Amino acid sequence: MKRFFTFVSRLLFVVAAAAAVAVAFILLGILVMRVGDLSTQVAMLSTRVHELEQATPVSAAPGRATGPTATSTRTAAPTRTSAASSAGLAGPTRTPTPTRTPTSTQTATATPVPTPQLTINRPWVNVRTGPGDVYPVIDAVPQGDRYDIIARNPANSLAATWLQFCCVNDKRGWSYAPLLILNIDWSTIPVAEDIPPPPTFTPTPTSTPTPSGGGGSGKGLPPIREGPENRCSHYDSDDYSYLQSVEPHIVNQQRGLIYGPYTGTYFGSIRETDIEHIVARSEAHDSGLCAADSATKRAFARDLLNLTLASPSVNRHEKGDKDLAQWLPALNECWYVARVVQVKHKYNLTMDQAEAAVARRVINACPHFDMIYTARGSAPQPPPHPDPHLDQNNNALALYDDNRNGRITCAEARRHGIAPVPRGHPAYQYMDDRNNNGMVCE
């Protein structure tokens with residue numbers, strides 16, 4: 001037991017000695033590091049002191065002569081600002097020479113000249129290929145649209161000025177200046193050098209009457225093909241689609257005038273008119289086009305031979321889908337009937353008995369089939385023949401009784417576009433007003 005305690009005591013002593021030696025070595029390392037730091041700081045201070053000695057002016061010792069009577073003075077070396085700054089001391093400060101700031105010269109800026117522009121100042125304004133009403137129409141543009149002005153016509157006043165601008169349907173066009181708002185004085189706009197010559201119109205020669213036989217219409221027109229109307233398939237207006245962009249082409253075939261031949265009316269813009277099918281699409285459908293393919297139906301709806309212009313009231317509420325036996329225009333009756341005959345012949349369409357009778361009667365009384373243009377501002381001429389709807393002596397059965405049974409049904413009335421039929425209409429007396437309210441097929 002005694003030996004065990006002796007062993008433990010010695011072991012603890014050795015451990016303690018080892019720990020003391022380790023601590024001593026650690027302290028010695030720290031001391032060496034501190035000494036190294038102090039040596040570095042001493043070297044830095046020595047360097048600074050040396051630099052200060054060189055920078056400080058030294059005067060000669062008094063009484064120390066270089067000659068018998070003269071005393072020399074040692075001139076101080078130029079101050080080294082960088083050294084003094086490095087030592088953290090303020091050296092002599094040199095007053096900087098003030099720098100003269102150059103006075104800026106103001107450059108005159110020219111006032112920018114605005115790009116000549118016009119703004120449409122009417123609900124719709126026609127754009128033409130040249131400066132005047134005689135030029136073909138490109139399109140009509142709406143109020144508020146802006147365009148860059150290119151040139152003007154050589155006019156002496158604003159009232160006679162037409163302006164060329166860019167662009168409508170990728171084309172340069174002309175419009176009448178008083179219908180526009182300008183951002184510059186009209187007289188400062190340069191005059192165009194490439195004004196196209198106005199178009200010339202050759203009058204359509206009067207058709208020479210020629211004898212006709214059988215079912216012919218007479219006077220050089222194609223023959224009339226008679227036959228009952230038959231809606232052989234459902235009518236869908238989408239099958240007879242057409243584009244509004246055809247309107248300028250209609251205007252151009254009417255001498256460039258926005259003119260309604262049915263009433264002799266001149267319009268301010270094509271946007272005031274409807275595209276009018278001379279032979280109505282549904283009428284053509286019932287006259288044989290119901291059996292045609294879709295391409296033929298679309299061609300019919302877009303054929304310029306069958307297109308003109310009319311006011312919305314005439315197109316939608318007066319003429320509608322009526323045929324020759326149901327409606328004739330107030331003006332241009334001969335031209336209108338001739339066009340119906342030509343269109344129906346082109347598409348192999350039929351006329352029922354009543355329609356064919358009206359066509360022959362009108363044609364036989366016509367001196368020619370040209371479109372008549374009224375003087376601007378004049379009243380349209382009255383129709384040479386009254387509307388069959390208003391003629392109480394007209395044989396309604398011949399007009400609307402398709403199956404010739406002495407009665408007029410609602411199906412026949414709708415087929416002819418007269419439904420609903422009011423009391424007083426020529427067809428009413430041949431129809432069955434079951435509730436006796438004065439209206440059939442309402």
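Residue D170 is exposed, with a relative accessible area of 77%. This residue belongs to the loop between β5 and β6, in a model that is predicted. The mean pLDDT of the protein is 78, and 76% of its residues reach 70 or more.

- Most residues other than glycine have a negative phi, and most peptide bonds are trans.
- D170 has a positive phi, near 65 degrees, and is a residue other than glycine.
- N169 also lies in the loop between β5 and β6, the latter spanning residues 171-176.
- The phi of N169 is positive as well, at about 55 degrees, although N169 is not a glycine.
- N169 counts as partly exposed because its relative accessibility is 49%, whereas D170 is exposed.
- The peptide bond from C166 to C167 is cis, and its omega is near -10 degrees.
- C167 has its place in strand β5, which covers residues 162-168.

**The second largest pocket**

- The volume of the second largest pocket is about 330 Å³.
- Its lining consists of 19 residues, and those nearest the centre of the pocket are N126, R128, D133, F267 and G268.
- Strand β2, made up of residues 124-128, gives the most to this lining, contributing four residues.
- By residue class, the lining of the second largest pocket has 10 nonpolar, four polar and five charged residues.

**Helix α8**

- Helix α8 comprises 12 residues, 353-364.
- From the first C-alpha of α8 to the last, the span is 17 Å, close to the 16 Å expected at 1.5 Å a residue.
- The buried residues of α8 are A354, E355, A356, V358, A359, V362 and I363.
- An α-helix has 3.6 residues a turn, so residues three or four places apart point the same way.
- The packing partners of the buried residues in α8 are α4 (281-286), α7 (333-346) and α9 (396-400).

- Where pLDDT is low, the predicted coordinates should not be read in detail.

Technical notes:
Residues are numbered from 1 along each chain as its sequence is written. This is a predicted model: local features need pLDDT of at least 70, side-chain atom pairs count only at pLDDT 80 or more; totals for chains, interfaces and linings use all residues. Side-chain values use heavy atoms; hydrogens and water are left out. On a 1 Å grid over the protein atoms alone, a cavity is a set of points where a 1.4 Å probe fits but cannot get out, and a pocket is an open set with protein on both sides within 12 Å along at least five of seven lines; lining residues have an atom within 4 Å of a point. Grid points are joined across faces, edges and corners, and a volume is the space filled by probe spheres set on the points. Helices (H or I, at least four residues) and strands (E, at least two) are DSSP runs, numbered from the N terminus. Ala, Val, Leu, Ile, Met, Phe, Trp, Tyr, Cys and Pro count as nonpolar, Asp, Glu, Lys and Arg as charged, and the others, Gly among them, as polar. pLDDT is the predictor's confidence in each residue, from 0 to 100. The expected span of a helix is 1.5 Å times one less than its number of residues. Buried means under 20% relative accessible area, exposed over 50%, partly exposed in between (1.4 Å probe, protein chains only). Contact means heavy atoms within 4.5 Å.
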